[in-house]
Amino acid sequence: MIDTYWQLFLAFFIPNVIGYGGGPAIIPLIEIEVVSHYQWLNLQEFSEILALGNSLPSPIATKMAGHIGYMVGGITGAVIAVFATVAPSLLLMIFLLAILYRYKDSVKVKSMTLFVRPVIAVMMAILTFKLLQNSYADSGALHSAGLIICAYLLLERAKLHPALVIGSALAYGGVFLG
Amino acid sequence: MSRQWQIFAAFFRIGIFGFGGGPSMIPLFHAEVVKRYQWMPEQEFSDTLAIGNTLPGPIATKMAGYIGFRVGGTLGAINAVIANIVPSIIAMILMLTLLSAYKDQSWVAGMGQGVLPVVVVMMAKLTWDFFDKSRSSFGIKGTLLIASVTAIALLGLGLHPAIIIVSLLIIALLRADKSQGIQPLTAQSNSKKASVEK
């Protein structure tokens with residue numbers, strides 16, 4: 001069990017210390033750890049976590065950590081995964097504030113986010129493609145394409161709240177894809 | 001009302017009304033911390049945000065933890081982070097546990113299938129946002145260069161992304177020494193501040 005706890009710590013610590021560029025940047029980094037590396041869950045389960053995570057408030061990183069930690073190691077697992085997500089950068093911020101203050105407008109520090117962003121973009125593209133493949137394999141081309149077009153129109157054109165779109169997709173899937 | 005209770009109430013509200021992930025919660029932080037409780041003046045708030053952005057990891061918990069620490073010490077930091085994130089983690093675990101309890105039912109599997117295309121759209125949107133942001137701040141050539149190297153390293157060589165990212169962070173630090181002042185960056189940081197002050 002100690003091994004599992006240590007793995008949980010690493011699986012969330014690594015994405016969160018290299019995940020420059022804001023909350024969603026860590027999504028593909030976490031997928032690499034929990035799906036590809038440790039295989040605690042499959043891509044379908046990961047996408048369900050993303051879907052529900054996106055329909056609930058507060059940051060996606062902590063919700064993913066809390067739930068996956070709980071799945072793998074119960075309440076202790078959840079606490080460890082959330083701690084690995086929150087503590088490292090928060091402690092740095094509290095203890096190094098004076099030093100960081102000097103660098104807050106530094107070109108160097110800003111260029112760190114800049115250099116990492118294209119990497120995250122590629123990782124997100126790969127993850128999107130994998131999810132698309134899964135959807136095609138599970139629901140076929142017709143359902144996948146139809147749902148993708150509807151989801152795009154509702155989310156990006158009609159600007160509907162993600163929770164509503166996800167709720168409708170769950171209902172549609174339960175009725176027509178079950 | 002005691003100080004700790006105020007901290008809890010403020011970050012609890014931010015946590016349960018902050019839809020759309022960390023960065024979209026910033027205006028809520030501003031409303032509670034600067035306007036309602038006046039724990040920090042405007043300038044300090046935008047400095048805190050800028051400092052938070054120099055570090056990796058989710059911005060919301062850095063803001064909550066740091067402001068909690070400033071207002072109520074170590075207990076305040078823990079209190080703020082818990083109030084901010086625990087309610088939605090519990091909601092998440094309850095919903096997904098319920099779903100997996102009925103995993104064998106075909107309609108539950110169908111729900112999972114139905115939601116997958118929506119996640120595809122959300123991830124595609126995020127992918128585009130990251131490319132777009134990268135293109136506008138880093139230029140199309142730089143973006144494509146790093147993107148192709150990343151694709152080869154990840155898909156061709158099977159390297160762990162941490163290796164790629166840490167190497168790029170080192171390059172970024174060394175390179176910025178030579179070429180001081182990449183213009184679009186300063187513009188970006190100013191606009192970020194301006195939007196906070198609104």
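Start with the crossing of α4(A) and α4(B): it is right-handed. Keep in mind that this is a predicted model. The two axes come within 11 Å and cross at roughly 155°. An angle over 145 degrees counts as roughly antiparallel, so that is how α4(A) and α4(B) run relative to each other.

Who makes the contact? On the α4(A) side, the residues include A:T62, A:G66, A:Y70, A:V86, A:L90 and A:I94. On the α4(B) side, look for B:T61, B:G65, B:F69, B:I85, B:I89 and B:L96, among others. By class, this helix contact has 13 nonpolar, 7 polar and 2 charged residues.

Now zoom out to the chains. Here 83 residues of chain B are in contact with 88 residues of chain A. On the chain B side, the elements giving two or more residues are α1, α3, α4, α5, α6, α7 and α8. Which one gives the largest share? That is α5(B), with 27 residues. The side of chain B that touches chain A has 55 nonpolar, 24 polar and 4 charged residues.

One last stop, on α5 of chain B. This helix covers residues 106-138, and B:S137 sits in it. Is B:S137 buried or partly exposed? It has 19 C-beta neighbours inside 10 Å, so it counts as partly exposed. Buried would take 20 or more. Finally, compare B:S137 with B:S2. They are 135 residues apart in sequence, and their C-alpha atoms are 45 Å apart in space.

That's my tour. Over to you.

Technical notes:
Residues numbered from 1 in each chain as written. Chains lettered and ligands numbered in written order. Predicted model: local features only at pLDDT ≥ 70, side-chain atom pairs only at ≥ 80, totals over all residues. Helix = DSSP H or I, 4+ residues; strand = E, 2+ residues; numbered from the N terminus. Buried ≥ 20, exposed ≤ 12 C-beta atoms within 10 Å, placed from the backbone. Contact = placed C-beta atoms within 7 Å. Nonpolar A, V, L, I, M, F, W, Y, C, P; charged D, E, K, R; others polar. Axes fitted to C-alpha atoms, helices over the stretch in contact; angles between N-to-C directions. Parallel < 35°, antiparallel > 145°, perpendicular 65-115°, else oblique. Left-handed = near helix turned anticlockwise from the far one by under 90°.
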